[in-house]
Amino acid sequence: MTEVLSIEAPGEVRLVEEKLPDLPEGGFMVATTHSGVSAGTELTYVKGTNPYLGASWDPALGLFREGEPSVSYPVRGIGYMQVGLVVETRTRAVREGSLVAMCYGHRTAYVADPMTDRFVELPDDLDPILGIYVAHMGPICANGLLHAAHDLHGPAVRHLGDGVRGRRVAVVGAGVVGLLTACFALSGGAAEVVVVDETPERLEIAAALGADTMAADDDPAVDLKRRWRHGPGDRGADVVFQCRGQTRALALGLRLLRPQGTLVDLAFYTEGAQEVRLGEEFHHNGLTVRCAQIGRVPRGLSHAWDRERLSHETIGLLRERGRPLRERVITDLVGFPDAPDFLTGLAARRLQTVQAVLCDHVEDEGG
């Protein structure tokens with residue numbers, strides 16, 4: 001049996017038991033050691049605001065269509081930051097005792113098929129808890145850097161940092177996506193990286209990771225443009241990474257850009273965009289907004305920059321900056337039995353977290 005996190009209805013979360021399928025020839029079984037919580041995407045299901053709950057995604061047309069929703073309650077198996085210990089294997093693709101990063105949702109065990117389930121074996125020198133970022137979250141952020149590189153170099157991109165090296169970079173939002181993106185920009189050789197957020201505690205984390213910071217509620221565009229001068233009438237960030245799912249954050253990101261600059265948008269918006277003012281900085285400065293969504297890399301780069309390479313880049317970042325990420329970004333360790341109350345508390349804003357991780361044995365993690 002496995003325990004699975006189930007969202008029964010908005011505001012109602014519980015653990016349910018499911019029978020694991022038999023282990024097939026060529027498959028393997030993992031016991032979950034760590035399962036990272038996305039306090040953005042996952043909470044949209046707890047709150048009832050996810051667009052898949054009210055419309056159907058047509059992959060052929062690339063459109064949301066009103067009518068039958070793509071997802072209905074109960075919603076089970078959400079989550080995309082899992083680390084599992086291989087406890088049984090019937091394939092030579094992975095050995096028993098290996099730790100693997102995967103995306104199979106919040107569940108205590110899983111039976112995987114290497115032909116359909118993507119997994120990344122974690123190196124021995126990596127803190128296992130940081131493995132939550134290897135399969136999906138890290139590649140999401142790395143793909144943002146890749147879009148910035150493609151914006152500058154087109155298909156001639158050779159290194160992930162090609163779009164930020166020697167450039168002035170602003171990151172809007174100091175959640176997990178923003179913090180990891182800032183770390184990628186720092187490691188990619190950016191001349192300066194400024195993280196902008198409304199929460200002083202999150203700005204402290206960004207500073208501990210090596211970035212400069214500005215408070216979002218002090219109109220940082222004025223101060224940043226006074227600081228970053230490229231020439232007469234040319235001030236602001238070379239590139240902005242927008243990492244917060246609030247339209248006011250997108251509006252702020254546009255204000256931070258230099259003329260003809262590019263904003264790479266990694267955020268997930270579930271409401272309208274009334275605060276995005278396209279007649280002001282966007283129009284007068286000739287700006288560009290590029291959506292960096294993990295479902296695709298920039299056109300012309302898929303042959304060289306697949307998900308495996310983005311995971312490899314993530315492992316490199318975690319090796320370089322793992323200690324401060326572990327100490328400052330992972331803020332909460334939660335036992336699986338406590339996960340339902342924790343998620344409902346986050347959705348109701350009774351609790352706050354940067355990165356929460358579900359674990360079987362919290363005491364073993366020092367939590």
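Axes here are lines fitted to C-alpha atoms, for helices over the stretch in contact, and angles run from 0 to 180 degrees between N-to-C directions. Helices are DSSP runs of H or I with at least four residues, numbered from the N terminus.

This is a predicted model, where local features need pLDDT of at least 70, side-chain atom pairs count only at pLDDT 80 or more, and totals for chains, interfaces and linings use all residues. Residues are numbered from 1 along each chain as its sequence is written, and side-chain values use heavy atoms, leaving out hydrogens and water.

Let's start with a helix pair. Helix α2 (residues 137-153) packs on helix α8 (residues 307-329) at about 100°, and their axes are 8 Å apart. That makes α2 roughly perpendicular to α8 (65 to 115 degrees). In this contact (heavy atoms within 4.5 Å), α2 brings Gly 138, Pro 139, Ala 142, Asn 143 and Leu 146, while α8 brings Arg 307, Leu 310, Ser 311 and Thr 314.

Now the cysteines. The whole structure has zero disulfides (a pair of cysteine sulfur atoms within 2.5 Å).

Finally, Met 137: leaving aside neighbours within four places in sequence, Met 137 touches Tyr 80, Met 81, Val 176, Val 177 and Leu 180.

Methods
Helix = DSSP H or I, 4+ residues; strand = E, 2+ residues; numbered from the N terminus. Parallel < 35°, antiparallel > 145°, perpendicular 65-115°, else oblique.
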